[in-house]
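Reader: Hi, can you walk me through this one? I'll ask as I go.
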Amino acid sequence: MAGHSKWANIQHRKGRQDAKRGKVFTKLIKEITVAARMGGGDISANPRLRLAIDKAKGESMPKDNIENAIKRGTGQLEGVTYEEARYEGYGIAGAAVIVDCLTDNKTRTVADVRHAFSKYGGNMGTDGCVAFQFKHCGQLMFAPGTNEDALMEAALEAGAEDVVTNDDGSIEVITGPWEFTAVKETLEKAGFTAEFGEVSMKAQNETELSGDDAVRMQKLLDALESLDDVQEVYTSAVLDE
């Protein structure tokens, strides 16, 4: 058993992501382009690209947009060349924060990220200062009331790494990052559809924040997520509503 309000926090985060859907296509196109550039345009040989395309399809991105992003990545179409950049730091009460970016100008991006940290009460740290506190993995979240024994059996047979039941009754299935899609599809065939799923950097230890601290932390996260070059923001903070 683990986590005190995991289900509420996941639902809250999903709601905030849905509200920012206007930027989703831009981020997904960047990710598809970079994945194709780094690993080629064949999804059977490029798990990162397959994951990006699956996510794009989940957001109802038109097929032409996906194909053009792949072509830009493989050099069949001209386009901007994006580089990966990861920045790490600390939020309110020392909560760990990782900011993953795709950018065509690292000088601009690092300045924007540093400014957001300092303006909203955080501190940007050095490379590696908090990354060791996170695990790169797939997470599938199932609602309270899901048959725990049946889900655990199906998940482990599907190749999941772990199954965690939280205090609130929600159940998390943890997968390897590149096994996420296969496990998700296998579980759906077995009758288990996750309410929320993503490949993420999962905090190994959480920092619970409430009241003013939670409000301040949310402002910092919002400021970072609103930056054009930012793809994902991960944090150890768990915010009480």
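Reader: Let's start with Ser60. Is Ser60 buried or exposed?
Author: This is a predicted model, to begin with. Ser60 is exposed, because its relative accessible area is 58% and over 50% counts as exposed.
Reader: Where is Ser60 placed?
Author: Ser60 sits in the loop between H3 and helix H4, residues 63-74.
Reader: And what is the phi of Ser60?
Author: Positive, about 60°. Ser60 is not a glycine, yet has that value.
Reader: New topic, the helices. At what angle do the axes of H2 and H3 cross?
Author: Roughly 160°. H2 covers residues 24-39 and H3 covers residues 47-58. Their axes come within 8 Å.
Reader: What does that make H2 relative to H3?
Author: Roughly antiparallel, because angles over 145 degrees count that way.
Reader: Is the crossing left-handed or right-handed?
Author: H2 passes H3 in a left-handed crossing.
Reader: Which residues make the contact?
Author: From H2, Leu28, Glu31, Ile32, Val34, Ala35, Ala36 and Met38. From H3, Arg48, Leu49, Ala52, Ile53, Lys55 and Ala56.
Reader: How many are nonpolar, polar or charged?
Author: The contact of H2 with H3 has 10 nonpolar and 3 charged residues, with no polar ones.
Reader: Now over to Ala93. Where is Ala93 found?
Author: In the loop between strand E1 (83-90) and strand E2 (96-103). Ala93 has a positive phi of about 60°, although it is not a glycine.
Reader: Does Ala93 count as buried or exposed?
Author: Exposed, at 56% relative accessibility.

Notes: Residues are numbered from 1 along each chain as its sequence is written. This is a predicted model: local features need pLDDT of at least 70, side-chain atom pairs count only at pLDDT 80 or more; totals for chains, interfaces and linings use all residues. Side-chain values use heavy atoms; hydrogens and water are left out. Axes are lines fitted to C-alpha atoms, for helices over the stretch in contact, and angles run from 0 to 180 degrees between N-to-C directions. Helices (H or I, at least four residues) and strands (E, at least two) are DSSP runs, numbered from the N terminus. Angles under 35 degrees count as roughly parallel, over 145 as roughly antiparallel, 65 to 115 as roughly perpendicular and the rest as oblique. A crossing is left-handed if the near helix is turned anticlockwise from the far one by less than a right angle, and right-handed if clockwise. Contact means heavy atoms within 4.5 Å. Ala, Val, Leu, Ile, Met, Phe, Trp, Tyr, Cys and Pro count as nonpolar, Asp, Glu, Lys and Arg as charged, and the others, Gly among them, as polar. Buried means under 20% relative accessible area, exposed over 50%, partly exposed in between (1.4 Å probe, protein chains only).
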